[in-house]
Amino acid sequence: MKILSLPAFGFAIFTCFATNSFAADSTLTYSPDHNIKLVFYNTAPVRYSIQYKQFTILQPSYIDLELLDGKKLSSDVAIAKRTSAYINETIESPVPEKRKLIPNEYNEFTIHFKQPYILQFRVYNDGVAYRLLTSFKDSVVIKNEVAKFNFILNEEVLLPRIDKRQDADRYHTSFEGLYENMRIDSLAKDLITYSPILVTTRNGLKIGITESDLDNYPGMFLSGHAPAGLTGVFAPYPLEEKMTEGEFPQLIVTKRADYIARIKGTRSLPWRVLIIAANDKELPANDLVYRLAPPSRVEDISWIQPGTGTDEWIIGVNLFNVPFKAGVNTATYLYYIDFAKQFGLDRIMMDAGWSNYKDLFDINKEINMDTIAAYAKRKQIKLSMWTLCSTLDRQLDSALTQFNKWGVDFIMTDFMDRDDQKMVQFYHRIAAACANKKIMVMYHGAFPPKGFNRTWPHAITREGVLGSEFNIWSDKVTPEHDVTLPFTRMLSGPMDYEPGILNNATKTQFRSIEKQVMTQGTRCHQLAMFVVYESPIQIFSGNPSQAMLEPAFMQLLGSIPTVWDETIILDAKVGDYIITARRKNADWYIAGMTDWSPRTFKLPLSFLKGTFLATSCVDGINAANYPSDYQLSQKQLTASDSLEINMAPGGGFLIRLEKQP
């Protein structure tokens, strides 16, 4: 890491006086490229604003911390000192979702208050982040944190709507909302949403709001405030819980405290993050949240093995053309192992039903785990297991030991549906225990990663997204939704969407039918997700019996990497389309998706070096009416070539470019 001294390298910080256009006594900090200007106001209350190329994108916005005993940062904002630094380093990602080497350049400005508080800003070329740090001698109880974001009237925000549960308070959610576009000044006060959200300014700039380094602290929800602002909202600490009844029992909070967290006296709070993009295509490749997170707590990462697996739950194990009765049984899982081996997949998931949800050692009588584990080992296919979070927590040590004996290297745990301080502690406790046993973990019914994946690189992917499973019971998963996620949810980290459903439909053909699950949009739209969506473990959720009939298609799908050395967004527009190029070693994969509008693109290949064998899978000539129609072809390409791509309504494409000697 290089820490460079002032005034070199274009960093400017100075105190402004009443003669300037800002408030008297303000401090300016610029991004390294000088496009972003942060204004910190030295007088009470604690406020800051942000400009991009002289355009105000965030009006003076408030920061505060209130303790349960009534003390506040804002009660005395006398400043003891200010410090600053320019940082230019490279982060090497052990599990690279976007790129192996991550440039991390920023100007840092730190305010040390006479009270035991520190406020730290980092100004990057692609965003601004701040966090509070405390330095009390003893532990403290935080009543509330104030995080306000004041925008300008008539600006728009793309946010996920939370549907209130009937059996729990508003802080219970699976974080699987459908994104809706609204005017900021129209948000109801009682509406809350979760991050990431995306604000569009009057001049077309995009601002993603989220957080990073969420540890032993509640996650940040957001609500509206007049005249055109967003306010952080934090779930109060849970005092009492009860276990629900039903198929998937879970703990819900029945009584909450009048505070949000109990913390050590000296610690840092989560980063509040504003990702700033001049145009839409800058968003999907942004990794600011990752850069802000603490480095890995796992010393030996050699056992972390990204790849592609299967899951049987979405299709209801509805196999055909097989000589056995399909179901949650030994014969079915042996078939899945053979399927994975045939098409180059790395593992299979044994989803809900392999054991009693309430007891991981009460194994389904139709399953012989020793037989499955031995067969998987012989075929060199890994096993992954689903768990209910409350059961895993109760049986944690013994369950992980048993998973090790079976050769399980990856587990899912499900139905947390909260991000209050107590539940955030659960995430870290499970991650630490899994790291000790060298088992990767994925959280479902979960808040987005928010940098967790850098701190715990074996926490390799996360749900917190409205994905494939919703096709079972709703029509929410549209192509427009699919091409919104890279600009919103994906800003926070990898997501387990579980693409690859092979029964594809037009808008009018689509029906939500259990065990006959279909998707809106084309087959190539589904295939493109394996490149466009970031997840170091991708889950193929289609029907293997159907896939067996299309071996060339499956060989292509099975060849797609899940971690990348380089990512370039070639073209993109929020909610309309995206074209992503990713490199693994010397090979490139280019994939695109569109909404219900058919589109034609001419893609220059100037970034290529050498000759490549291109394997293309594009929407077939009849894909507009029969969305499962696709065309596979091969030809050689160089940097001097270009590709013309036609995407059908709800369409997509995938091109694999293999470097030739």
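1. A salt bridge here is a side-chain nitrogen of Lys or Arg within 4 Å of a carboxyl oxygen of Asp or Glu. By that test, aspartate 420 and arginine 418 pair through their side chains at 2.9 Å, N to O. Aspartate 420 is buried at 1% relative accessibility. Arginine 418 is also buried, at 1%. Buried means under 20% relative accessible area, exposed means over 50%, and partly exposed lies in between (1.4 Å probe, protein chains only).

2. Basis of the values. This is a predicted model: local features need pLDDT of at least 70, side-chain atom pairs count only at pLDDT 80 or more, and totals for chains, interfaces and linings use all residues. Residues are numbered from 1 along each chain as its sequence is written, and side-chain values use heavy atoms, with hydrogens and water left out.

3. Salt-bridge network. The structure holds 32 salt bridges. Arg418 and Asp420 belong to a network of them that also links Asp169, Glu241, Arg256 and Lys422.

4. Lysine 206 and aspartate 280. Their side chains form a salt bridge at 3.0 Å, N to O. Lysine 206 sits in strand β16 (residues 206-212) and aspartate 280 in the loop between β23 (271-277) and α1 (288-292), so the pair ties together parts 74 residues apart in sequence. Lysine 206 is buried, at 10% relative accessible area. Aspartate 280 is buried too, at 12%. Helices (H or I, at least four residues) and strands (E, at least two) are DSSP runs, numbered from the N terminus.

5. Glutamate 566 and arginine 583. This salt bridge spans 2.9 Å, N to O. It links distant parts of the chain: glutamate 566 in strand β35 and arginine 583 in strand β36, 17 residues apart. Glutamate 566 is partly exposed at 29% relative accessibility. Arginine 583 is partly exposed at 23%.

6. The sheet. Six strands form an open sheet in the order β35-β36-β37-β42-β39-β40, with antiparallel pairing. The edge strands, β35 (566-573) and β40 (630-637), each pair on one side only. The twist averages 10° from one strand to the next. Two strands count as paired if DSSP finds at least two bridges between them. Strands β36 (residues 577-584) and β37 (residues 587-594) run antiparallel and are joined by eight bridges. Within this pair, isoleucine 579 has glycine 592 in β37 as its bridge partner.

7. Helices on the sheet. Helix α9 (residues 523-532) packs on the sheet and touches β36, β37, β39 (612-619), β40 and β42 (652-659). Its direction makes about 130° with that of β37. Helix α11 (residues 551-558) lies across β39, β40 and β42, at about 60° to β40. Contact means heavy atoms within 4.5 Å. Axes are lines fitted to C-alpha atoms, for helices over the stretch in contact, and angles run from 0 to 180 degrees between N-to-C directions.

8. Nonpolar cores. A nonpolar core is a set of buried Ala, Val, Leu, Ile, Met, Phe, Trp, Tyr and Cys residues joined through side-chain atoms within 4.5 Å. The largest has 186 residues, and Phe149, Ile209, Phe403 and Tyr443 have the most contacts inside it. Helix α6 (residues 421-436) gives the most to this core, with nine residues. A second, separate core has 20 residues, including Phe607, Leu608, Ala614 and Val618.

9. Phenylalanine 149. Neighbours within four places in sequence are left aside here. Among the residues in contact with phenylalanine 149 are Tyr48, Leu58, Ile209, Met220, His225, Arg272 and Leu274.
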